[in-house]
Amino acid sequence: MLTAAAAVAALLAPATAHAGEGGPGIPPLTDGQGRVLTLRGWNIEDKTHRGEQALSAITERHLRDLRAQGFDFARLLVFWDDLEPRPGQYSEGYLRRIERVLDRAERQDVRVVLDAHQDVFGPAFGHRGIPEWATRTDGLPFTPHPDDWFAEYFEPAVQRAFTHLYEDDDLRRAQAGMWRTLATRFAGHPAVLGYDLINEPMGEPRPGEALPAAARRIEREQLTPMYNRLADAVRPADRDAWLFVEPTPVVGEGVPTGLGRVRDPRVVYAPHFYDTAMEAGADYDPGAGWIEAYERAVTAYPRRYRVPVVVGEWGPPDSSLPRMNRFYRDAMASLGRYASGWAGYVWCYGGGYCALDGTGAFRVNKELTAEPYAEAVAGTVRSAAHDSGAGVYRLVYRAAPHGSRVSVLSVPPGAWRITAGGGADVVRRTAGRAWVRAAPGALVTVTVTRG
């Protein structure tokens, strides 16, 4: 496992401050109309089924329940080994099954990012992701760790497989071809917001190289060129989608990324937000300062390169521990300070990481992820914050002088009173959403009050 971050003093936040402008120096995510977006949602996945049954575990209910709780975003896991089971032979059936999920998302008005997912590289090591035919290990050893799957990333064979993926010309072309195929098929689909180019990329440390230094080198020398290659592969097919780029998971230990500039105008920085101790089953320790260290580390890259932030995965495996209520409140406050959005892990019905139990009710403390927010703001956000104790969300924005004049707010189930002032009116209400129309250039205040 990774080395824990050093303890620092805890910072308390009584309310969740929503990003709006993405935090100081961090630009917001926007849509095709120029509206400022806030994404709130969850990962959706089917890691079990393959072939004709691939993605069959993701049903209409998943998207319907997601939207009903106020969430507008899903990160859909897709697997290269399903898409291209043999070199150059892409599965039309798998593309249709992806499209079926996207169609369901469109019906529920949920935005989707397609995530090229890998766990421990892929099937060659008993997981999902990069095809076995694209896995090269040079005969190095691999020992499974059934009680600690993440430790398998540090097996020599797995690390060497990543090196070959990044460095071998034919594997580079194959990875680019995979993304060109996805982008060609799904460019213009109304549900598709963007593409997450690879999940949790790892690599191979040099002899004697400390893990943080190795991570920064891999990000600088291998991931940055890879992301530029994949951007070049996607853009001829899809000019509009956002491209989500991830650092190595080491950023979760408070280590700033070594990623360089990705030469594309629509890049989103998409780190994950996991604490090693909690992943191993420990309770949240507010005094350890992990959230604060993570926030400092994760905001350096988007400030330097002026790109939005969307956290692609977060959430502990056991949300029932005594201090998890505090964790969710602290995490929501932190994410709101800098991120344009997030996707929790994972929207499913059961135990462990699942957001919901078998009846469809939130598992303990995970209901704290459902709160009012502005899905789309037609203007410049001045401030946005939710006070969970008082049950009040307040949004202040300067309406756009031209173009779209309608902003969209989302609220979880329950009774909510929504008012708008400063030359704005609530022009439409449905269960869970409200549309606000403002006069051009007006300074608007929208207040959402529980009950």
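Q: Is cysteine 354 buried or exposed, and how is that decided?
A: Buried means under 20% relative accessible area and exposed over 50%, with partly exposed in between, for a 1.4 Å probe and protein chains only. Cysteine 354 has 8% relative accessibility and therefore counts as buried. The model is a predicted one, in which local features need pLDDT of at least 70 and side-chain atom pairs count only at pLDDT 80 or more, while totals for chains, interfaces and linings use all residues. Residues are numbered from 1 along each chain as its sequence is written, and side-chain values use heavy atoms, with hydrogens and water left out.

Q: Which residue does a disulfide join to cysteine 354?
A: A disulfide is a pair of cysteine sulfur atoms within 2.5 Å. Here cysteine 354 is joined to cysteine 348, with an S to S distance of 1.9 Å, and a search of the whole structure finds 1 disulfide. The torsion about the S-S bond of cysteine 348 and cysteine 354 is about -105°, so the disulfide is left-handed.

Q: Which residues have the most contacts inside the largest nonpolar core?
A: In soluble globular proteins, nonpolar side chains tend to be buried together. A nonpolar core is a set of buried Ala, Val, Leu, Ile, Met, Phe, Trp, Tyr and Cys residues joined through side-chain atoms within 4.5 Å. The largest one has 98 residues, and Ile98, Tyr195, Trp314 and Phe327 have the most contacts inside it. Leaving aside neighbours within four places in sequence, tryptophan 314 is in contact (heavy atoms within 4.5 Å) with residues including Phe273, Tyr274, Phe327, Trp342 and Tyr345. A second, separate core has 21 residues, among them Ala399, Val411, Trp416 and Ala424.

Q: What is the strand order in the open sheet of 8 strands?
A: Two strands pair if DSSP finds at least two bridges between them. In this open sheet the order is β9-β8-β7-β6-β5-β4-β13-β11, with parallel pairing. Its edge strands, β9 (267-269) and β11 (310-311), each pair on one side only. Strand β8 (residues 242-245) runs parallel to β9 and is joined to it by 3 bridges, with leucine 243 opposite valine 267 in β9.

Q: How many of the residues of strand β16 are buried, and which strands run antiparallel to it?
A: Strand β16 (residues 392-399) has 6 of its 8 residues buried, so it is largely enclosed by the rest of the structure. Strand β15 (residues 379-387) runs antiparallel to β16 and is joined to it by 8 bridges, and serine 383 stands opposite valine 396 in β16. β15 and β16 form a hairpin with 4 residues between them, and glycine 391 in the turn has a positive phi of about 70°. Strand β21 (residues 443-450) is likewise antiparallel to β16, through 7 bridges, where threonine 449 in β21 is the bridge partner of valine 392.

Technical notes:
Helix = DSSP H or I, 4+ residues; strand = E, 2+ residues; numbered from the N terminus.
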